[in-house]
Amino acid sequence: MAAEIAYYEGLDDDEYEAALVGFAREQDPIDAAAIRSDALAFRSRKAVQSLLRQLSTKRLPNAPGDQSRRVSLREARAVHGRLEHEARLLDAVTAGIAARRGELITPANPRRRALEALRAEHPERYLDLLRAEEEKARQRAAERRAATKRARRAQRDAERTAQES
């Protein structure tokens, strides 16, 4: 295992990505343990995410040139699916590693990043939007309370009418 980890650590980024594609094709358990080890998990996660972004369904890196298009597409889809599975596993592994260190890894949230950018670039506009949304929330809450009050009053009046009859 240590030899496998040392081998993977010695690869540059392109070679590492090619090795991950090879792993996705072959699914060797020793390679899987090395790739998911504490020493390589974060690098593997980053490389797998990069591969998923760039992986074309036309041809895989290092795909034999004599493959038919249909075979190449089928293999590309299979490798893509295995890489997606590996990405999910690596997310869990890296979250576990971080948790053992007392950290918390949160998933990427583009809306939160956009909100933070708006807050940093236009603080006055952000505060105006925030106050407007808070006012709308207060109005909705007041409307709900009033509707509940009206419904209770109507029910009470209906009960009184039924008792009087």
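At roughly what angle do the axes of helix α6 and helix α7 cross? Let's find out on a short tour.

**Before you click**

This is a predicted model, in which local features need pLDDT of at least 70 and side-chain atom pairs count only at pLDDT 80 or more, while totals for chains, interfaces and linings use all residues. Residues are numbered from 1 along each chain as its sequence is written, and side-chain values use heavy atoms, leaving out hydrogens and water.

**Stop 1: two crossing helices**

Select residues 110-121 for helix α6 and residues 123-164 for helix α7. Helices here are DSSP runs (H or I, at least four residues), numbered from the N terminus. Two packed helices are described by the angle between their axes and the distance between the axes. In this pair the axes come within 5 Å and cross at roughly 120 degrees. The axes are lines fitted to C-alpha atoms over the stretch in contact, and angles run from 0 to 180 degrees between N-to-C directions.

Now show the side chains where they touch. Contact means heavy atoms within 4.5 Å. From α6 come Leu-115, Leu-118, Arg-119, Ala-120 and Glu-121, and from α7 come Pro-123, Tyr-126 and Leu-129. Six of these residues are nonpolar, none is polar and two are charged. (Ala, Val, Leu, Ile, Met, Phe, Trp, Tyr, Cys and Pro count as nonpolar, Asp, Glu, Lys and Arg as charged, and the others, Gly among them, as polar.)

**Stop 2: the nonpolar core**

Next, select Tyr-8, Tyr-16, Leu-20, Val-48 and Leu-83, which touch the most other members of the largest nonpolar core, a set of 21 residues. Such a core consists of buried Ala, Val, Leu, Ile, Met, Phe, Trp, Tyr and Cys residues joined through side-chain atoms within 4.5 Å. At least two residues come from each of α1, α2, α3, α4 and α5, and α2 gives the largest share, with six.

Zoom in on Leu-83. Setting aside neighbours within four places in sequence, Leu-83 is in contact with Leu-20, Ala-24, Val-48, Leu-51, Leu-52 and Leu-55.

**Stop 3: a loop residue**

Go to Ser-37 in the loop between α3 and α4. Is Ser-37 buried or exposed? With a relative accessible area of 13%, Ser-37 is buried; buried means under 20%, exposed over 50% and partly exposed in between, using a 1.4 Å probe and protein chains only. Not counting residues up to four places away in sequence, Ser-37 touches Ile-5 and Ile-97.

**Stop 4: salt bridges**

How many salt bridges does the structure hold? There are eight, each with a side-chain nitrogen of Lys or Arg within 4 Å of a carboxyl oxygen of Asp or Glu.

Select Asp-13 and Arg-43, whose side chains meet in one of them (3.5 Å, N to O). This pair links distant parts of the chain, with Asp-13 in helix α2 and Arg-43 in helix α4, 30 residues apart. Asp-13 is exposed at 53% relative accessibility, whereas Arg-43 is partly exposed at 23%.

Move on to Glu-135 and Arg-138, another salt bridge (3.1 Å, N to O). These two are three residues apart in helix α7, so about one helical turn separates them.

Finally, pick Arg-74 in helix α5, which is exposed at 51% relative accessibility.
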